[in-house]
Amino acid sequence: MKGSGGKKDGKQKLSLVCLENVEEEEVSWLYCPYVPRGKLTLCAAYPGTGKTYLLCYMAACVSTGRSFFNLIPFGNEPEKVIYLTAEDGIGDTIKKRLRICGADMKNIYTVTENKSQLLFNSPEIEEYMKDAKPALMIFDPFQAYIGSDVDMNAPNKTREQMGHIVELAQKYDVAVVIICHFNKNGKGDAITRILGSTDIMGSCRSYIALGNVPGEDDTKFMSHEKSSLEKKGKTILFEIDPDRGGIVYMGENLLSMDDYTAIRNKRRAKAAPAIEGAKEFLVNNMPEGRRLAQELMNLAKANRISDASLQRAKQELGIISQKTNSFPSRAIWVLPGHEEREPETKQEELSL
């Protein structure tokens with residue numbers, strides 16, 4: 001069946017194509033199965049979980065042609081990267097972290113002025129892809145490039161913007177990674193925590209989520225939550241250590257982000273009685289709504305209340321820390337509603 005060309009009402013008439021005449025294509029990868037070329041990959045996390053550091057590490061790996069964690073790139077040759085950020089400083093954050101991760105700065109490009117003017121549909125985006133020919137292009141964060149006048153929860157609005165960058169990624173065979181935040185309420189699974197319309201997720205062929213491993217102070221995870229082109233990869237564990245090359249590989253496992261969330265919630269539920277007991281202890285031992293922090297910590301230790309429970313109870317009660325006006329000053333914990341200034345204490349005269 002043949003369709004006629006030409007325009008009608010300003011739109012190109014679409015034609016049917018028989019699949020017998022369509023050639024199959026193999027998927028090309030930047031880092032299989034996490035980051036496909038010519039497609040969009042979503043990277044989501046809460047603030048402070050290391051997503052910018054991780055993407056600087058990925059950019060550094062592409063710029064030098066080396067492996068990303070234990071994943072061998074197809075070409076194994078240095079390629080170009082465009083890193084666009086609307087949040088972090090280029091000189092004091094992005095370039096510094098790229099250097100720590102061993103990047104070849106000659107292969108990495110960015111925009112330093114009028115960054116807020118760029119959107120997914122800005123003509124400059126295609127110009128950058130055409131001129132620099134990057135293997136990887138990063139948008140950090142996603143919200144900054146969709147447009148302030150676009151309702152992220154409106155599918156018809158986000159679909160138009162996402163469709164444009166999808167077409168460019170395919171046209172120039174660029175692995176596009178967009179960084180996104182999770183919603184603030186912390187509810188839902190790894191998919192539904194993503195801010196905005198589900199069309200955002202639908203436009204991405206791969207989705208990696210970052211988070212902190214429960215009970216581990218420094219260990220973070222990168223879980224592969226969606227993979228439309230290949231079997232999902234294992235969850236990679238890593239630490240951020242500037243003294244050891246920025247990102248340090250710590251192993252793999254099969255736990256998902258939802259698994260880690262369940263572990264964290266279970267730990268919190270187990271700790272809840274201890275925390276409630278610590279809260280009761282604090283209230284009972286602050287009859288005037290304030291007390292020296294060291295006194296409270298000493299009493300808590302004597303009552304076998306752990307420091308972790310005490311600090312969590314302090315946080316949940318909204319207790320703030322202040323300094324006394326005495327010399328030397330000492331830390332004092334204050335319950336909400338008792339924030340008046342500590343009266344100045346007279347210093348005793350020193351006998352000469």
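On the classes: Ala, Val, Leu, Ile, Met, Phe, Trp, Tyr, Cys and Pro count as nonpolar, Asp, Glu, Lys and Arg as charged, and the others, Gly among them, as polar.

A word on the source. This is a predicted model, where local features need pLDDT of at least 70 and side-chain atom pairs count only at pLDDT 80 or more, while totals for chains, interfaces and linings use all residues. Residues are numbered from 1 along each chain as its sequence is written, and side-chain values use heavy atoms, with hydrogens and water left out.

The lining consists of Glu-25, Glu-26, Val-27, Ser-28, Arg-37, Gly-38, Lys-39, Gln-170 and Asp-173. A pocket here is an open set of points on a 1 Å grid over the protein atoms alone, with protein on both sides within 12 Å along at least five of seven lines; a cavity is a set where a 1.4 Å probe fits but cannot get out; lining residues have an atom within 4 Å of a point. Grid points are joined across faces, edges and corners, and a volume is the space filled by probe spheres set on the points.

Next, the cavity. The structure holds 1 cavity of 30 Å³ or more. The largest cavity has about 30 Å³ of space. Leu-84, Thr-85, Val-111, Lys-115, Leu-118 and Tyr-145 line the largest cavity. By class, that is 4 nonpolar, 1 polar and 1 charged.

Now the sheet. Three strands form an open, antiparallel sheet, ordered S14-S16-S15. S14 (290-292) and S15 (320-323) are the edges, each with a single partner strand, so one side of each has no neighbour in the sheet. Neighbouring strands are turned by 30° against each other on average, direction ignored. Strands (E, at least two residues) and helices (H or I, at least four) are DSSP runs, numbered from the N terminus. Pairing takes at least two DSSP bridges. S14 and S16 (residues 331-334) are joined by 3 bridges. Leu-292 stands opposite Ile-332 in S16.

Helix H8 (residues 293-302) lies across S14 and S16, at about 80° to S14. Axes are lines fitted to C-alpha atoms, for helices over the stretch in contact, with angles from 0 to 180 degrees between N-to-C directions.

Last, Ser-309, in helix H9 (residues 307-317). Buried or exposed? Ser-309 is buried, at 11% relative accessibility. The cut-offs: buried under 20% relative accessible area, exposed over 50%, partly exposed in between (1.4 Å probe, protein chains only). Leaving out residues up to four places away in sequence, Ser-309 touches Ala-274 and Ala-278. Contact means heavy atoms within 4.5 Å.
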